[in-house]
Amino acid sequence: MKFADLHLHTQFSDGTFTPEELAGQGARLGFAGMALTDHDSVEGCARMAAACAAAGIEFIVGAELTAEHQDTEVHILGYFLDPENQVLLKKIGKFQAVRQDRIREMVAALNKLGVPLKTESVFALANCKSPGRPHVARALVKEQLIGNLDEAFEKYLKKGRPAWVPKTKMSALEGVELIHQAGGLAVMAHPGLNRTDEIIPDLVDAGLDGIECFHTKHSTLLSQRYLEIADQFHLLVTGGSDCHGFSKGKPLIGGIKLPYEHVEKMKAKVAERKLATTNGHR
Ligand code: AMP
Ligand code: FE
Ligand code: FE
Ligand code: ZN
């Protein structure tokens, strides 16, 4: 049976694998398809496409947009995006700048607490356009300013802790529209993690295409619940491991094997929409 992993991170956001390492892992595990979904970034997609092609794996361009709806954070996955779409690149560029400014603010807060971390250490370690709290945590560990990553989050970086800085996010509805205008499908990420089911109808009204039913942190019961919701709202079913490499213990890749029929359904919807657009109606 063919299967895919549609939720993966690399060093181009807060994962630890390079695209080549990730594709290698995918090949070892027998994946027929893989999508790269770095946070607010498509920076790694070109390399991932090449690495997947070399490994005989179908590659799907993706991104995981950090968004919000009614004051709750919601992650919107985009699939089959045009990685060169200028509106997409401009908009995510703005949020990458927000992330970079936030790193400066978190470091300033740490300095105020007497922790002598340098902004440059974090940026050097992150070495990507879309840095986040995990990079600050890793830099703290590297500079021996804290014992481990968990401690860094517990002591400084978790929401409400002294070096936590809120992040300006795009609205979820804006995220769905942004993905659509770049030719992609918009999918609600790990709904079981956020437990914000009440916002699903609003997202559906905005044109949401799918929902991530299968995810490492979804129990069988939760997956079942979201399969039912997908059915109810006529949404595509997706799934992925949300592997971040070695950043949170053992790599999660291999834990979710999405049957390929779901990828085929996604492709059919992309093709259908393209046809409708070229025929002058959407
Ligand atoms: P950010 O987008 O900068 O707010 O960082 C969010 C990322 O930090 C998530 O994608 C997780 O990978 C990671 N993260 C969040 N909370 C924790 C935690 N308590 N321990 C370790 N990693 C975390
Ligand atoms: Fe992450
Ligand atoms: Fe997420
Ligand atoms: Zn993710």
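In this predicted model, Lys2 lies over the face of Tyr260, 4.4 Å from the ring centre. Arg225 lies over the face of Tyr226, at 5.8 Å from the ring centre.

Now turn to rings that meet other rings. A pair of aromatic rings is described by the distance of the centres and the angle of the planes. The structure holds 2 aromatic pairs. Phe3 and Phe31 make up one of them, and their arrangement is edge-to-face. Their centres are 5.2 Å apart, with 85° between the planes. Phe3 belongs to strand β1 (residues 3–5). Phe31 sits in the loop between α1 (19–29) and β2 (33–36). The pair links distant parts of the chain, 28 residues apart. Phe3 and Phe31 are both buried.

Phe17 and Phe246 also pair. Their ring centres are 5.7 Å apart and their planes stand at 75°, so this pair is edge-to-face. Phe17 lies in the loop between β1 and α1, and Phe246 in the loop between β8 (236–240) and β9 (258–259), so the pair ties together parts that are 229 residues apart in sequence. Phe246 is exposed, because its relative accessible area is 56% and exposed means over 50%.

The loop between β8 and β9 also holds His244. His244 is buried, with a relative accessible area of 6%. Which residues does His244 touch, beyond those up to four places away in sequence? They are His9, Asp14, Gly15, Thr16 and His39. The side chain of His244 makes a polar contact of 3.1 Å with the side chain of Asp14. The His244 side chain also reaches the backbone oxygen of Asp242, at 2.9 Å.

Which residues are the protein donors of the zinc ion (ligand 4)? Asp242 gives an OD atom, Glu64 an OE atom, and His7 and His9 each their NE2. These donors lie 2.1 to 2.2 Å from the zinc ion. In sequence the donor residues follow the spacing H-x1-H-x54-E-x177-D. The angles among the 4 donor atoms run from 78 to 169°, and the site is irregular. His7 is buried, at a relative accessible area of 0%. His9 is buried as well, also at 0%. The zinc ion (ligand 4) is 4.9 Å from the iron ion (ligand 2).

The iron ion (ligand 3) is coordinated by Glu64 (OE), His75 (ND1) and His190 (NE2), at 2.0 to 2.2 Å. The spacing of these donor residues in sequence is E-x10-H-x114-H. Glu64 lies in strand β3, whereas His190 lies in the loop between β6 (185–188) and α8 (191–194). The two are 126 residues apart, so Glu64 and His190 link distant parts of the chain. Both residues are buried. The iron ion (ligand 3) and the iron ion (ligand 2) are separated by 5.9 Å.

Strand β3 (residues 58–69) also includes Thr66. Thr66 is buried, because its relative accessible area is 4%, under the 20% cut-off. Its side chain makes polar contacts with two others. One is with the side chain of Asp40, at 2.9 Å. Another is with the side chain of Arg99, at 3.4 Å. Leaving aside neighbours within four places in sequence, Thr66 is in contact with several residues, including Glu73, Val74, His75, Lys167, Lys169 and Met170.

The last stop is helix α5 (residues 133–142). Its buried residues are His135, Val136, Ala137, Arg138, Ala139 and Leu140. What do they pack against? They meet α3 (86–112), α4 (119–126) and α6 (149–157). After α5 comes Gln144, whose phi is positive, near 55°.

Key
Residues are numbered from 1 along each chain as its sequence is written. Chains are lettered from A and ligands numbered from 1 in the order in which they are written. This is a predicted model: local features need pLDDT of at least 70, side-chain atom pairs count only at pLDDT 80 or more; totals for chains, interfaces and linings use all residues. Side-chain values use heavy atoms; hydrogens and water are left out. Helices (H or I, at least four residues) and strands (E, at least two) are DSSP runs, numbered from the N terminus. Buried means under 20% relative accessible area, exposed over 50%, partly exposed in between (1.4 Å probe, protein chains only). A polar contact is a pair of N or O atoms within 3.5 Å; within protein, one must be able to donate a hydrogen and the other to accept it, and residues adjacent in sequence count only if both atoms are side-chain atoms. Contact means heavy atoms within 4.5 Å. Donors are N, O and S atoms within 2.8 Å of the metal (3.2 Å for Na, K and Ca); water is not among the atoms, so sites may look incomplete. Four donors count as tetrahedral if all angles lie between 85 and 135 degrees; four count as square planar and six as octahedral if opposite donors are over 155 degrees apart and all others between 65 and 115; anything else is irregular. Rings of Phe, Tyr and Trp (its six-membered ring) pair if their centres lie within 6.5 Å; planes under 30 degrees apart count as stacked, over 60 as edge-to-face and the rest as tilted. A charge sits over a ring if NZ of Lys or CZ of Arg is within 6 Å of the ring centre and within 35 degrees of the ring normal.
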